[in-house]
Amino acid sequence: MFVCLALCAASVWGMPRLTLSSDSRVFFDPKSPELVELETFEHKYGQNNGVLMVVSPKAPAEGRKVTDPAILAIIADLTARAWKLPHSTRVESLTNFPHVTSDADSFAVEELVPDADAITPARAAKVEAVALADNLVVNRLIAADASAAGVLVNFNLPEEGSTQVREIIAASRALAREIEAENPDIDVKLTGNVMLLGTFAEAAVSDALLLIPISLVVSGLMMVMFVRSVRPSLAIVSLLVLSSASAMGLAGWFGYVVNPASIAAPIIIVTVNMAAAVRIVTTTMSFLGEGLSKREAIAQSMAIHIRPVTLTNFTSAIGFLSMNLAEAPPFRDLGNMVAIGIAFAYVFTFTWLPALLVRMDLSPAASGSERAMVMLGHFVNKTYVGLFVLCSMIVVASSFWIQRITLDDDFARYFDSRFEYRQDSDFAEDHLTGLNIIEFDIGAGRDNGVYDPAYQRKLAEFLNWLRAQPHVVSVIGIPDITARIEKAMDPSALPAAMPDDSDRIAQYFLLYELSLPYGSSLNDQINVARSSSRVTAILRHVKSSDIRVLNHEAEAWLAANAPAAMQAKGISINVLFSNVSWINIRSMIGTTIASMLVIALIVGLALRSVGYGLLSIVMNVLPSIVGFGVWGLLIGQIGLAASVITAMTIGLIVDDTIYFLIMYQAARARGLSSENAINEVFKTVGTAMLVITLSLAVGFGVLIASGFEVNRSLGAQTTIVILANLFIDWLMLPPLLRLFDRK
């Protein structure tokens, strides 16, 4: 026991080295081509690290517009204060938006509301008309009905800026509360990419504070239910705590970074290792009931369980280690942490647990469920042909239900409404603008080519096509600036008219940029060589499938209507997340198959039977088919978590199969018939199989309480697969063995 505690202490000493990530890009391999493309785009035009402050009148003032003089003054005040936020580089709002005016032979750029403190109602009405007519303002900095306005603050962040993100969020929230306190009839809600980054860290902390205690309480209740004694239950819980803490500490020594996905590791470690400990303790107490001494009972229980526990731990570790080939690094970290936890639990199960049991007063116990398991065994043997047909029909039906599953998720809504970011983001999307963007780097083919009239006209066509697409609420591109200046210089020109002279367009942009207010420039719209420009489409109420469709159609439109130099495909963090599920599933297909073959080989060698090894493959596949089929029937939509469910569960669901086959083979070796062997298995390990399944199902079910969608789906889908596995192992495996032995 001292050695075990020393090993745990040495590992836990590394826990302070664990760091908490606020980076949404942790879900992508740093070397992935998609992420490299995004970083190249950002190096050219700048990062999209912003906080959007949504200003709106409170509910009692419904019908009041943000263009009221008093609210315009508040927006101007908020804009001025936002410049003082840490790491801010640019502030855009309705009041400081660059507005083009002209005289007889020149034009000037000034803030749309330069005198917000002294604005008149008539001037405010004119501001509203100008703003709602400008594509660069409406549905971005002001709602189409003028019920809300946005102040967009951009920040300069280092590559790993978790500390800076927390600093910015704290300052932004403090500023919002100050404005609300000074103006009780105004709401200020915060969304944007920086707020999202901070919510990733908040979700990890929230899950740690909520789910880990729930997991330990649930584990304790499970112990009391199955063990029916407090002290042995505490022994099991201590084993689970030691294993989980040691694994997380060792992860700290290895320099792991905690994120919303990998924070589930302690919960999964507790869940995966609970069943083996329960089986050992309950078997020990049963032997005590048969008259054995405490030491003899513990030794006998160890002798019975060491082989199947070794096999199940090994296969479970293989399943989680296979997650190393997932494209999303958090799933790799999760798999490695859990595998480490399984290794620690295996060591502690055969050292700490029996040593602690020796020090305890144990009471004998008998299983009250043995009779029910015997009845179930007789029922299965009596109706095995019918059960095989029924189960086969359910598997076939499930394979059809799987086709109803759509691979879709909503990156902007990975967090539920318990988070302030989600509440504010929903409000912003309902009342002001969209949360998802697709950006394009449209080349002109030569330096200064963005001033070419042909380029600008074709780009304007593309902007108009984008604006006509479903879910698109705002599109930003340089042709709108050209058209605004041309209209100011020639009031008789059509609203979208373009000059025919590239030199004239170049002069427009030179004068425009020189006249921009402090902090504004076109460097985020045009590259340094003036050989390409940025197009940004803002989308409202979309999911990943909508982003993929629009991206594909935009790429096809450019290919069919624009010259080769202007060919481009969409890029943004939203685009990357819209494809991340597909990328991970593709990377995990081969890994899952390889894991199944390795596990089949291990089972075949352990049982010295090629047939049983092949049978284990079938038993690995069928629960996933049934589980995903049920999901397709009841839910229909599946997201990022789907990519690792099968690979993760194959090492878990094979536990029941291994126990069943080991006991069945031993019974057959003693000369029992196939029918009697099945009855014997249900009598000896039927309850243990139920314990395994309920422990895993309840343990993973805890993840459903997570505020992070990936963890929530991971828990729900895994629970369904695990329950489907018990159905397969109880009602389909025995008929298969009967049919197998007949051959």
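**Overview of the chain**

Modeller: The chain has 24 helices and 13 strands, where helices (H or I, at least four residues) and strands (E, at least two) are DSSP runs numbered from the N terminus. This is a predicted model, in which local features need pLDDT of at least 70, side-chain atom pairs count only at pLDDT 80 or more, and totals for chains, interfaces and linings use all residues. Residues are numbered from 1 along each chain as its sequence is written, and side-chain values use heavy atoms, with hydrogens and water left out.

Biologist: What box do the C-alpha atoms fill?
Modeller: Along the principal axes, the box is roughly 105 × 55 × 45 Å.

Biologist: And what share of the residues is buried?
Modeller: Of the 743 residues in the chain, 59% are buried, meaning under 20% relative accessible area with a 1.4 Å probe, protein chains only.

Biologist: Let us turn to the helices. How do α8 and α10 pack?
Modeller: Helix α8 (residues 265-289) and helix α10 (residues 329-349) pack at an angle of about 30°, and their axes are 9 Å apart. Axes are lines fitted to C-alpha atoms, for helices over the stretch in contact, and angles run from 0 to 180 degrees between N-to-C directions. The angle makes α8 roughly parallel to α10, a label for angles under 35 degrees.

Biologist: Which residues make that contact?
Modeller: Contact means heavy atoms within 4.5 Å. Among the residues involved are Ile-268, Val-272 and Ile-280 of α8, and Met-337, Gly-341 and Thr-349 of α10. By class, the contact of α8 with α10 has ten nonpolar, three polar and no charged residues. Ala, Val, Leu, Ile, Met, Phe, Trp, Tyr, Cys and Pro count as nonpolar, Asp, Glu, Lys and Arg as charged, and the others, Gly among them, as polar.

Biologist: What about α6 and α22, then: parallel or antiparallel?
Modeller: Helices α6 and α22 are roughly antiparallel to each other, the term for angles over 145 degrees. Helix α6 (residues 193-227) packs with helix α22 (residues 674-701) at about 160°, with axes 11 Å apart. Val-218, Met-222 and Phe-226 of α6 meet Val-691, Leu-694, Ser-695 and Val-698 of α22.

Biologist: Now a strand. How many residues of β11 are buried?
Modeller: Five of the five residues of β11 (residues 472-476) are buried, so this strand is largely enclosed by the rest of the structure.

Biologist: Which strand does β11 pair with?
Modeller: Strand β11 pairs with β12 (residues 532-539) in the antiparallel sense, over four bridges; pairing requires that DSSP finds at least two bridges. Ser-474 stands opposite Ile-538 in β12.

Technical notes:
Parallel < 35°, antiparallel > 145°, perpendicular 65-115°, else oblique. Buried < 20%, exposed > 50% of the residue type's maximum accessible area, 1.4 Å probe, protein only.
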